[in-house]
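Here is a short briefing on one structure. Keep the sequence and the coordinates open while reading.

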Amino acid sequence: MKELELITKVNIYDWDELSDSDRELVETAKRATTTSYAPYSKFFVGAAARLDNGVIVQGSNQENAAFPSGLCAERTTLFHANAQYPQQAVIELAVAAYCNGKFLKSPIPPCGACRQVMLGVEERYSRPLRVLLYGEDGTYVVRTVKELLPLQFTGETMTE
Ligand code: THU
C-alpha cells in the first residue's frame, strides 16, 4: 500500500494586508450579496470575477422553490462572465456570504459543484483562476482552483 498526501496551500490575509485590487474585488463580491435571491435559505452569497481585460463581473445565488433549479453565486457569476465575454479569461474570483445580518466570520467554502466549474474555467482558458474567499476574520486566497479541488476530473482525464 502506498499513501498519497495532498497538500493545499492557502494564504490568509487580514483586510489591511490585501492589495487595493484584491479589496476592490472582494468589496464587489460583498456588494453582490445584496442582489442575491435567497428567500428559502436566507443565505446570501455574492461573487465577483475579474477578467483578463480588467472588467469585473458580479453575480449572486438565485434560488427557486424547486431547490435544484437554483444556482450558486460562483456559477451564476462565472457563466455570466463566460457568456458575456467568451474570449476573456477569468483570472480571479472573490466570494462573500451574508447570513443572519452579517458576513460570515469564516471564509465561505464553495460547494463541490462550483469548484468543478471553476476548474473548468481554468481549463477552458489555460490560465490559473485565483480565488479569494472572504470571511470577517480573514480572506483565504488560493492561486489556482487546483488547491481547492485535488484529484481533478478534467477533459484530459477522458483522453488519457
Ligand atoms: N451557495 C452559494 O451561492 N455558494 C456557495 O459556495 C455555497 C452555497 C448558495 C446556494 C443556496 O442558494 C444557498 O447558498 C444555500 O445553500
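How far is an oxygen atom of the ligand from an N or O atom in the side chain of Glu63? The separation is 2.5 Å. The model is predicted: local features need pLDDT of at least 70, side-chain atom pairs count only at pLDDT 80 or more, and totals for chains, interfaces and linings use all residues. Residues are numbered from 1 along each chain as its sequence is written, and side-chain values use heavy atoms, with hydrogens and water left out.

**Ligand site**

- The ligand sits in the largest pocket. A pocket is an open set of points on a 1 Å grid over the protein atoms alone, where a 1.4 Å probe fits, with protein on both sides within 12 Å along at least five of seven lines. A molecule sits in a pocket if more than half of its atoms lie within 2 Å of its grid points.
- The residues around the ligand are Ser41, Phe43, Val45, Asn61, Glu63, Cys72, Ala73, Glu74, Pro109, Pro110 and Cys111. A residue belongs here if one of its heavy atoms lies within 4 Å of the molecule.
- Strand S2 (43-51) and helix H2 (73-84) each supply at least two residues of this shell. Helices (H or I, at least four residues) and strands (E, at least two) are DSSP runs, numbered from the N terminus.
- An N or O atom in the side chain of Asn61 is 2.9 Å from a ligand oxygen atom. For the side chain of Glu74, the corresponding distance is 2.6 Å.
- Taken alone, the ligand exposes 370 Å², and the protein buries 76% of that. Accessible areas come from the Shrake-Rupley method with a 1.4 Å probe; for residues, only the protein chains shown count as cover.

**Cysteines**

- How many disulfides does a search of the whole structure find? The count is 0. A disulfide is a pair of cysteine sulfur atoms within 2.5 Å.
- The closest cysteine sulfur to that of Cys72 is in Cys114, at 3.8 Å, so the pair is too far apart for a bond.
- Cys114 is in no disulfide either; its nearest cysteine sulfur, that of Cys111, is 3.7 Å away.
- Cys72 is partly exposed at 24% relative accessibility, whereas Cys114 is buried at 0%. Buried means under 20% relative accessible area, exposed over 50%, and partly exposed in between (1.4 Å probe, protein chains only).
- Cys99 lies in strand S4 (residues 90-99) and is buried, at 16%.

- Thr77 is placed in helix H2. Its relative accessibility is 0%, so Thr77 counts as buried.
- The Thr77 side chain reaches the backbone oxygen of Ala73 at 2.7 Å. The Thr77 side chain also reaches the backbone nitrogen of Gly59, at 3.2 Å.
- Ser60 is found in strand S3 (residues 56-60) and is buried, at 2%.
- The side chains of Ser60 and Thr35 make a polar contact (2.8 Å). Such a contact is a pair of N or O atoms within 3.5 Å; within protein, one must be able to donate a hydrogen and the other to accept it, and residues adjacent in sequence count only if both atoms are side-chain atoms.

**After strand S7**

- Lys146 lies in the segment after strand S7 (138-142). Lys146 is partly exposed, at 44%.
- Lys146 and Gln87 are 59 residues apart along the chain, and their C-alpha atoms are separated by 22 Å.

Definitions and conventions:
On a 1 Å grid over the protein atoms alone, a cavity is a set of points where a 1.4 Å probe fits but cannot get out, and a pocket is an open set with protein on both sides within 12 Å along at least five of seven lines; lining residues have an atom within 4 Å of a point.
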